[in-house]
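Please open the model in your viewer and keep the selection tool at hand. The stops below say what to pick next and what is found there.

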Amino acid sequence: MQEQVKATFLVNAAVLLEFRGTKLLIDGIYDENGHCFSNLSERQWEKLKAGEGEFAGIEYLLFTHEHGDHFSPQRVAEYLEYRQPKAIFMPRDGSAALRALQKKAEGMGIPCVLLHRELCRKPVFRPEQEIRIRAFQTRHLDKLYWDVPHFCYLLECGEKKLLFTADVDFTQEDFSAVRGMALDAVFVNPLMSHSEEGKALFAAGVLQTKTKIVYHIPFAGEDQMMIRKIVEQEMRAGRQENALFFMEEGQTCLI
């Protein structure tokens with residue numbers, strides 16, 4: 001029997017993965033301002049820094065791109081004052097704050113895997129014996145953000161394959177890195193899940209998965225763009241087959 005991966009939803013696009021005792025946090029430390037999405041509560045932020053509860057023993061931090069609702073180098077630098085992960089995966093190119101974080105982490109002996117297009121052509125990273133990480137660069141949704149380095153992650157935990165697409169421009173990306181691969185879970189944002197272009201990627205077999213997990217959904221009462229309402233309508237109508245929806249803090253699933 002294949003070992004399962006536990007996925008815990010924190011907020012927005014923040015997901016905590018656990019496999020064989022190893023914990024990886026994806027897009028889990030970001031800015032409170034400058035975006036319309038939900039934030040990690042102050043209680044959860046304090047628990048994260050203290051390494052309490054589900055946040056105990058987080059060994060790897062992974063970030064898809066430097067946008068305020070996914071990754072704040074300043075807050076990660078603050079986090080490092082309390083906890084020391086084994087490695088940080090993040091874009092190579094970005095703000096002065098990102099470069100400062102890299103310098104701080106490496107000065108503390110924390111390796112930084114700096115993602116860029118050339119690096120992503122190399123073999124997968126193996127942070128643990130049964131865990132493999134591959135990142136591939138894609139465009140960010142909307143031409144306005146095409147100059148922002150954006151990466152999708154393919155995580156292989158034992159025999160399980162999980163794809164995190166973050167804010168990929170699904171209207172432009174051909175997903176050649178994973179095209180036709182048998183995936184166990186694909187994490188997609190509501191725009192990709194709801195659009196005809198996004199649905200076509202699954203219908204045509206470009207993305208083949210047992211489970212589609214829709215995340216990056218604001219909490220109730222914080223949905224300024226009515227994203228949650230659209231998702232709830234689709235759920236009631238049963239339009240999303242083999243789909244899970246990460247909408248509430250602390251939701252978990254086994255993959």
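Which residues touch the most other members of the largest nonpolar core? Select Leu17, Phe164 and Phe187, which hold that place among the 62 residues of this core. A nonpolar core here is a set of buried Ala, Val, Leu, Ile, Met, Phe, Trp, Tyr and Cys residues joined through side-chain atoms within 4.5 Å, and buried means under 20% relative accessible area, with a 1.4 Å probe and protein chains only. The largest share of the core, five residues, comes from strand E2 (residues 14-19); strands (E, at least two residues) and helices (H or I, at least four) are DSSP runs, numbered from the N terminus.

Before moving on, note that this is a predicted model, in which local features need pLDDT of at least 70 and side-chain atom pairs count only at pLDDT 80 or more, while totals for chains, interfaces and linings use all residues. Residues are numbered from 1 along each chain as its sequence is written, and side-chain values use heavy atoms, with hydrogens and water left out.

Stay on Leu17 and show its contacts (heavy atoms within 4.5 Å): leaving aside residues up to four places away in sequence, the residues it touches include Val5, Ile26, Leu155, Leu162 and Phe164. A second, separate core of 26 residues can be selected next, with Phe37, Val168, Val214 and Phe245 among its members.

Now colour the open sheet, where seven strands run in the order E6-E5-E4-E3-E2-E1-E14 with mixed pairing; two strands pair if DSSP finds at least two bridges between them. Strand E6 (112-115) and strand E14 (252-254) stand at the edges with a single partner strand each, so one side of each has no neighbour in the sheet. Within the sheet, E2 and strand E3 (residues 22-26) pair in the antiparallel sense over five bridges, and Leu24 in E3 is the bridge partner of Leu17.

A hairpin through two residues joins E7 to E8, and Ile133 in E8 is the bridge partner of Phe125. E8 also pairs with strand E9 (residues 150-157), in the antiparallel sense over eight bridges, and there Arg132 has Glu156 in E9 as its bridge partner.

For the last stop, select Gly28, Tyr30, Asn39, Trp45 and Arg75, which are among the residues that line the largest cavity.

Definitions and conventions: Buried means under 20% relative accessible area, exposed over 50%, partly exposed in between (1.4 Å probe, protein chains only). On a 1 Å grid over the protein atoms alone, a cavity is a set of points where a 1.4 Å probe fits but cannot get out, and a pocket is an open set with protein on both sides within 12 Å along at least five of seven lines; lining residues have an atom within 4 Å of a point.
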